[in-house]
Amino acid sequence: MSALLSVEDHRARVLAAVFLLPAETVGLSDAAGRTLAEPVLAAHDLPGDDNSSMDGFAVRFADVASADATTPVSLCVVADLPAGTADDPALSAGEAARIMTGAPVPTDADAIVPFEDTAGGLADSLGTVEVHRAPAAAGAFVRRRGGDTRAGDAVLSAGERLGPFALAAAAAAGVDVVRVARRPRVAVVSTGSELVAPGRVPGRGQTPDSNATLLASLVAGADAEVDLVDRVDDDPAGIEAVLGRAARADVVVFTGGVSAGAYEPVRLALSDRIAFDKVAMQPGKPQAFGVLADGRLVFGLPGNPVSVAVSFEVFVRPALLALQGRAVIDRRIARLTASETWTTPPGRRQYLPAAIDLVAGTVRPATAGGSGSHLAASLARAEAFAVIPAEVSTVSVGDPLDVMLIP
Ligand code: AMP
Ligand code: MG
């Protein structure tokens with residue numbers, strides 16, 4: 001029996017073969033989910049001016065420092081400053097400007113009195129305002145220019161994913177185009193003479209091809225582009241033909257046909273070009289990976305649907321993210337407590353489809369059927385994979401476990 005390769009060793013081989021895709025320039029509206037190839041530098045200070053964080057009155061703090069309910073201070077309102085105004089009215093001692101949230105604070109003012117702290121509220125547009133509570137200090141309710149970011153500072157780093165918050169940060173910092181990695185183009189190929197298209201009633205010996213749907217969705221979730229979805233039967237010639245159809249792809253992912261059976265088309269067609277290994281994990285033991293002469297990365301995943309889901313998380317997704325230059329290529333891990341007991345295979349790390357309760361801090365198998373890697377429909381109940389070390393053979397109630405969270 002050949003020795004098993006560790007998960008880390010196989011993953012290291014995969015990542016060592018990954019190259020960085022070229023960068024391109026895109027507008028923010030096309031940048032969602034893309035990975036920054038360069039940092040985003042603020043084009044200007046943000047906020048761009050000292051501005052008011054309240055609706056109220058811009059004042060000279062010294063004028064109102066003594067104001068309270070019994071000894072209010074009256075100021076003369078000499079200007080009105082709505083949001084969007086560029087005005088910078090001069091204020092002499094005893095003068096104030098009515099100001100709305102976000103409007104620039106006059107150069108001569110150094111604090112804002114919210115209208116709630118005045119007698120007349122916002123009604124005092126021009127005339128007199130009576131302040132009956134002093135601001136806490138000079139600077140009260142003034143948002144400082146550059147308080148969020150300074151011109152030239154990096155608001156986002158290379159390797160960051162442009163999610164909604166990151167995209168908004170770029171926009172706020174005055175940036176409308178970004179340098180990002182090209183999306184990896186991925187071909188997804190199911191192998192198996194037993195497979196039929198979903199929706200067709202399977203005859204005896206047939207089963208729906210669910211891996212193509214699974215992988216296409218997982219690839220999109222890894223911010224890559226599904227370039228081709230194809231299916232071939234268990235004939236090695238079909239593998240050759242599909243590689244021709246996948247000529248544009250950066251990555252080709254086969255499912256099925258990599259293990260030790262008599263009809264394993266991926267193995268028969270590609271064993272002279274890519275490596276076939278046994279990895280110390282469950283599910284997902286048979287794994288194939290290599291780089292074709294033209295540079296395409298090829299994965300051969302075992303065909304059982306749960307094996308595909310796990311193999312994708314452990315090997316393919318990190319590779320797709322690394323191709324984009326993503327700084328973080330791993331899922332988040334939570335430490336949760338087992339709420340059920342189960343056994344795990346000796347000498348192999350288990351990735352068990354799991355249901356989690358983040359409030360209670362617990363994890364349990366997603367299905368009563370245990371770890372069966374063929375449970376394609378039951379996989380829908382998994383929210384995470386519990387990761388059980390190879391040397392553990394039984395998980396008991398109360399054991400702390402690392403759990404890979406799948407959003
Ligand atoms: P294999 O790795 O080719 O030996 O396949 C292992 C098991 O996974 C078999 O029971 C296959 O029928 C099943 N299987 C393979 N490919 C798919 C697929 N695309 N969709 C659903 N099940 C599959
Ligand atoms: Mg097969």
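Author: Let us begin with the ligand, keeping in mind that this is a predicted model. A polar backbone atom of Ser-210 is found 3.1 Å from a nitrogen atom of ligand 1, and a backbone N or O atom of Asn-304 lies 3.2 Å from an oxygen atom of the ligand. The protein covers 77% of the 480 Å² of accessible area that ligand 1 has on its own.

Reader: Which elements give two or more residues to the shell around ligand 1?

Author: They are strand 12 (185-191) and strand 14 (207-208). Of the 17 residues around ligand 1, those that come nearest are Glu-194, Asp-209, Asn-211, Gly-257 and Gly-303, and a polar side-chain atom of Asp-209 lies 2.8 Å from a nitrogen atom of the ligand.

Reader: How many aromatic pairs does the count come to, and how is such a pair described?

Author: One describes a pair of aromatic rings by the distance of the centres and the angle of the planes. Here the count comes to 1 aromatic pair. The ring centres of Phe-289 and Phe-299 are 4.9 Å apart and the planes stand at 50 degrees, so the pair is tilted. Because Phe-289 lies in strand 19 and Phe-299 in strand 20, the pair ties together parts that are 10 residues apart in sequence.

Reader: Which residues of helix 1 are buried, and where do they lie around the axis?

Author: In helix 1 (residues 7-17), the buried residues are Val-7, His-10, Arg-11 and Val-14. They cover an arc of only 95 degrees around the axis, which puts them on the same side of helix 1. Their packing partners include strand 19 (286-291), strand 20 (297-301) and helix 7 (305-323).

Note on methods: Residues are numbered from 1 along each chain as its sequence is written. Chains are lettered from A and ligands numbered from 1 in the order in which they are written. This is a predicted model: local features need pLDDT of at least 70, side-chain atom pairs count only at pLDDT 80 or more; totals for chains, interfaces and linings use all residues. Side-chain values use heavy atoms; hydrogens and water are left out. Buried means under 20% relative accessible area, exposed over 50%, partly exposed in between (1.4 Å probe, protein chains only). Helices (H or I, at least four residues) and strands (E, at least two) are DSSP runs, numbered from the N terminus. The arc is that of the directions from the helix axis to the C-beta atoms. Contact means heavy atoms within 4.5 Å. Rings of Phe, Tyr and Trp (its six-membered ring) pair if their centres lie within 6.5 Å; planes under 30 degrees apart count as stacked, over 60 as edge-to-face and the rest as tilted. A residue is near a molecule or strand if one of its heavy atoms lies within 4 Å of it. A polar contact is a pair of N or O atoms within 3.5 Å; within protein, one must be able to donate a hydrogen and the other to accept it, and residues adjacent in sequence count only if both atoms are side-chain atoms. Accessible areas come from the Shrake-Rupley method with a 1.4 Å probe; for residues, only the protein chains shown count as cover.
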